Amino acid sequence: MKSLLHLAILLAGLLVLSNVATAQKFPISEPMGGKPFGSSVKKLGNGVYVFRWWVYRNFFIVTDEGVIVTDPMNPKAARILQHEIRKITDKPVRYVVYSHNHHDHISGGIIFKSEGAKFIGHENVKKELGDHPSPVTPLPDITFKDRYTLSLGDRKVKLEYYGPNHGDGLIIMRLPKEKIIFVVDIVTPRRVAFRMMPDFWPDEWIRTLKEIEATDFDYVISGHGPHTQPAIDPANVVKEQRVYLEDLMAAVKTAMDSGTHSPDALQKTVKIPKYEHWRSYKKWLPMNIERIWAFYHMGW
Ligand SMILES: [Zn+2]
């Protein structure tokens with residue numbers, strides 16, 4: 001009896017081990033590929049694909065009931081995306097999910113509106129788009145405040161709002177089964193922050209990343225990256241982005257505390273060599289520095 005029990009425990013242990021061994025692995029080191037100013041599609045598996053147009057990315061999921069598309073970018077990219085989806089399935093695009101209100105990521109939804117797609121975004125995105133309307137950017141049909149679970153076929157996409165960070169309507173999208181999150185603009189792996197950090201709130205950005213880090217995920221698809229960068233990254237890129245912002249703020253603060261107050265002087269003297277190998281370090285670090293100067297100088 002005792003040996004049977006031992007056998008049962010051993011078998012249960014093996015089962016757990018084999019589940020771990022067969023957990024989905026995604027190609028974290030494979031670049032997106034394609035031409036720098038062109039487009040490319042990377043199949044991740046489980047019906048999940050990453051689409052790139054220039055340095056913009058989104059993901060889409062093909063289900064038995066239709067397709068979920070995220071961030072349609074612009075009409076030109078959306079037409080290419082529609083064509084790529086048609087190569088994979090005849091099913092219609094049923095939903096388009098907006099990550100946030102910025103037109104450079106979400107214009108072009110009109111292409112999918114004509115095949116009957118419904119649009120989803122945070123309630124603040126609907127308000128922003130209402131204030132700054134665009135004929136190629138349909139307003140969300142479905143809005144939410146904190147969390148929303150989108151279901152189609154046997155798939156679920158969880159939409160999560162973390163408060164203001166980059167504008168005040170940005171959400172992240174989570175595929176719970178694959179433990180993937182899609183994060184736009186607030187995580188761009190191995191690159192310094194974008195230029196003057198337009199519409200970014202540095203302190204809220206750091207808070208948001210900490211909150212995301214505390215959730216359960218293994219992979220990140222980011223909304224930006226050239227063709228040379230992977231379609232999907234390991235979870236630690238969220239932390240790396242947060243630590244970059246903390247290092248940037250600390251470096252600017254230290255220089256200001258020791259008497260350098262002009263943004264021009266700060267731009268010339270503040271260096272963070274730890275990030276020299278990150279993309280756009282030379283060109284954009286001075287702009288990042290000026291943005292942080294404004295944060296400390298103006299409280300903005
Ligand atoms: Zn943006």
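Let me start with one pair of residues. Leu150 has Val157 as its bridge partner in β9. Their strands, β8 and β9 (residues 155-161), pair in the antiparallel sense over six bridges. Two strands count as paired if DSSP finds at least two bridges between them. Strands are DSSP runs of E of at least two residues, helices are runs of H or I of at least four, and both are numbered from the N terminus.

Some ground rules. This is a predicted model, so local features need pLDDT of at least 70 and side-chain atom pairs count only at pLDDT 80 or more, while totals for chains, interfaces and linings use all residues. Residues are numbered from 1 along each chain as its sequence is written.

Now the whole chain. The protein chain has nine helices and 13 strands. Its C-alpha trace spans about 75 × 60 × 40 Å along the principal axes. Buried residues make up 40% of the 300. Buried means 20 or more other C-beta atoms within 10 Å of the residue's own, exposed means 12 or fewer, and partly exposed is in between, with C-beta atoms placed from the backbone.

Back to the sheet we started in. Six strands form an open sheet with mixed pairing, in the order β8-β9-β10-β11-β12-β13. β8 (147-152) and β13 (233-234) are the edge strands, and each pairs on one side only. The hairpin of β8 and β9 has two residues between the strands, and Gly153 there takes a positive phi near 60°. Next, β9 pairs with β10 (residues 171-175) in the antiparallel sense, over four bridges. Leu159 stands opposite Met173 in β10. Further along, β11 and β12 (residues 219-222) run parallel, joined by four bridges. There, Ile180 has Tyr219 as its bridge partner in β12.

What follows β11? The loop between β11 (180-183) and α6 (202-213) holds Arg195. Met197 lies in that loop too, between β11 and α6. Most residues other than glycine have a negative phi. Arg195 has a positive phi of about 40°. Met197 has a positive phi of about 55°. Which of them is buried, and which is partly exposed? Arg195 is partly exposed, with 14 C-beta neighbours inside 10 Å. Met197 is buried, with 23 other C-beta atoms within 10 Å.

β5 (residues 93-97) and β6 run parallel, joined by three bridges. Val96 stands opposite Phe119 in β6. Contact means C-beta atoms, placed from the backbone, within 7 Å.

Then α5. Which residues of α5 (residues 123-131) are buried? They are Val125, Lys126 and Leu129. They sit on the same side of α5, because they cover an arc of only 100° around the axis. The arc is that of the directions from the helix axis to the C-beta atoms. Gly130 and Asp131, on the other side, are exposed. The cover over the buried residues includes β6 (118-122) and β7 (142-144).

Last, the core. The largest nonpolar core has 74 residues. Such a core is a set of buried Ala, Val, Leu, Ile, Met, Phe, Trp, Tyr and Cys residues joined through C-beta atoms within 7 Å. Val50, Phe60, Val220 and Ile232 have the most contacts inside it. Helix α7 (residues 236-257) gives the most to this core, with seven residues. Beyond four places in sequence, Val50 touches residues including Met32, Leu44, Phe59, Ile221 and Ile232.

Conventions:
Two residues are in contact if their C-beta atoms, placed from the backbone, lie within 7 Å.
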